Amino acid sequence: MNKTIRRASVFSLLLVLALLVRATWVQFYEGQALADDKENRRTTIELYSEPLGNIVVGGEAVTGSAPMKSGDLAYKRTYKDGALYAAVTGYSSQAFGATQLEGVYRDLLDGTDNRLKSVLDTVTNKRSDPGNVITTIDPGVQKAAYDALGDNKGAAVAIDPTTGRILAVVSTPSYDPSRITTGDADAWKQLTKDAEKPMTNRALRQPLPPGSTFKLVVAAAALEDGLYSSVDEKTDSPDPYPLPQSSDKLGNENPSAPCENASIRVALQYSCNNVFGSMAVALGQDKVREMAEKFGFNDKEQDVPVRAYTSVYPSEMDEAQTALSGIGQFDVTATPLQMAMVSAAIANDGKLVSPHMVSQITDGGGDVLENYDDNAGTEEIVSSDTAEQLQSAMQTVVEKGTGTNAQISGATVGGKTGTAQHGENNSKTPYAWFTSYGKADGKEVAVAVIIEQSNAERSEVSGNGLAAPVAKKVMEAALKG
């Protein structure tokens, strides 16, 4: 054979082998990565080639699928009362992916979850009928929270303390996920650039200083540690409290309040900073942190099943900083979910049932694949005696303290207000908090509310003035609905 021809043949053979090797590599090693690539249009075409499963609230689907009139995608995601449930459902978009429950259960909702496959589906690799997500959300409680928050920037979470079922998750201002399901770039830009951040889930994913609502955690630590034997025992609390290693003193919003050496009950009633600042120092940051973590602070894997942002109780503080942490300031942060968990555990005699907003997931035929109500864990946070004492003290707050706007006729209500500083030297509008529980006719609910921004004058911003009325509406819906 001609030498030149032989070399050309060998070179051509090598090229063919290289192509075969590359094809094999792509097929068997990179295939899944390519299939999962968000830029792979074929994946999106396949995802929206058939209707998706649904997210269900109160027995009715709040999501749906509608045929597309043009393009290469057969269906688009639709939402009923989208703005009302956005903090629960999240969105499923042809261009921007999926969030919240839409993201957590995407495989279930699009039919690719292996639990949905029949034997025949497994053999043929056929896409199964999609499953459904059954939520714990109570539509009446959800709407009450949404309406009560109104035009305010804020959030609310409601939990059944006895079951851990989350009855409401609301964040305002909200948005309608339907606006971005087909990949509308202008709508996406408008929403993501909006200074009010409507797509931020303030209920689960925006921890802020909890202010005086955190005093419940410090009180629980003091009672469990034995620093004080009851909520009615006098404390050792000068007013104002001289911050250790500092020339500053920790005073109170109401200088005429009976806060000097006040009992825990009176200190919660009047929200005495001096009492809980000195109490945190007396306990030491480690004991306060231990109690905070029992309630759920510093938990980096708090799934409900959406991953909540971590609520933080800091470490390596000096004593002055520890005192400030005792009133929910310095670097302490919490989500409304976290503060609802505090009230839920206290209301449930010291036991915290794992909060969850999905009751069941089912296949397309309605058969249950997993029941989260049955699998909700329970942890004892404080003793029943401590819980009963804190319940009593929280009731005093509502009956004749800083939380009177949460009173409900015919119901037992306990709560704690909070007005957290915002900005350097409290230069910005404070955050108004209220965490609470209500009991009536065998029903129970724990509610936390934050008003981040409202139209109220700065002098009118308080937990009782802004957040407590919202909590009252939510509790009424849960207890009397």
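**View 1. Lys287 and its salt-bridge partner Asp225.** Lys287 has a relative accessible area of 39% and is therefore partly exposed, where buried means under 20% relative accessible area, exposed means over 50%, and partly exposed lies in between (1.4 Å probe, protein chains only). Its side chain meets that of Asp225 in a salt bridge, with 3.0 Å from N to O; a salt bridge is defined here as a side-chain nitrogen of Lys or Arg within 4 Å of a carboxyl oxygen of Asp or Glu. The pair links distant parts of the chain, since Asp225 belongs to helix α10 and Lys287 to helix α13 (residues 285-295), 62 residues apart. Asp225, at 36% relative accessibility, also counts as partly exposed. Helices (H or I, at least four residues) and strands (E, at least two) are DSSP runs, numbered from the N terminus. The model shown is predicted, so that local features need pLDDT of at least 70 and side-chain atom pairs count only at pLDDT 80 or more, whereas totals for chains, interfaces and linings use all residues. Residues are numbered from 1 along each chain as its sequence is written, and side-chain values use heavy atoms, with hydrogens and water left out.

**View 2. The salt bridge between Lys153 and Glu196.** The closest N and O atoms of Lys153 and Glu196 are 3.5 Å apart. This pair, too, links distant parts of the chain: Lys153 lies in strand β8 (residues 153-159), and Glu196 in the loop between α9 (185-193) and α10 (215-225), 43 residues apart. Lys153 is buried, with a relative accessible area of 13%, whereas Glu196, at 35%, is partly exposed.

**View 3. The salt-bridge network of Asp113, Arg115 and Glu370.** These three residues, Asp113, Arg115 and Glu370, are linked in a network of salt bridges, and a search of the whole structure finds 13 salt bridges. Arg115 counts as partly exposed at 42% relative accessibility, while Asp113, at 12%, counts as buried.

**View 4. The disulfide between Cys259 and Cys272.** The sulfur atoms of Cys259 and Cys272 are 2.0 Å apart and form a disulfide, a term used for a pair of cysteine sulfur atoms within 2.5 Å; by this rule the count comes to 1 disulfide. Cys259 lies in the loop between β11 (249-250) and α11 (264-270), and Cys272 in the loop between α11 and α12 (273-283), 13 residues apart. The torsion about the S-S bond is about -75°, so the disulfide is left-handed. Both Cys259 and Cys272 are buried.

**View 5. Packing of helix α15 against helix α16.** Helix α15 (residues 336-347) and helix α16 (residues 384-400) pack at an angle of about 115°, with their axes 8 Å apart; axes are lines fitted to C-alpha atoms, for helices over the stretch in contact, and angles run from 0 to 180 degrees between N-to-C directions. Ser343, Ile346 and Ala347 in α15 meet Ala387, Leu390, Gln391 and Met394 in α16, contact meaning heavy atoms within 4.5 Å. The residues of this contact divide into 5 nonpolar, 2 polar and no charged.

**View 6. The open sheet β2-β1-β7-β13-β14.** In this order 5 strands form an open sheet with mixed pairing, two strands being paired if DSSP finds at least two bridges between them. Strands β2 (60-61) and β14 (368-371) stand at the edges, each with a single partner strand, so one side of each is left without a neighbour in the sheet. Strand β1 (residues 55-57) pairs with β2 in the antiparallel sense over 2 bridges, and Val56 has Ala61 in β2 as its bridge partner.

Methods
Nonpolar A, V, L, I, M, F, W, Y, C, P; charged D, E, K, R; others polar.
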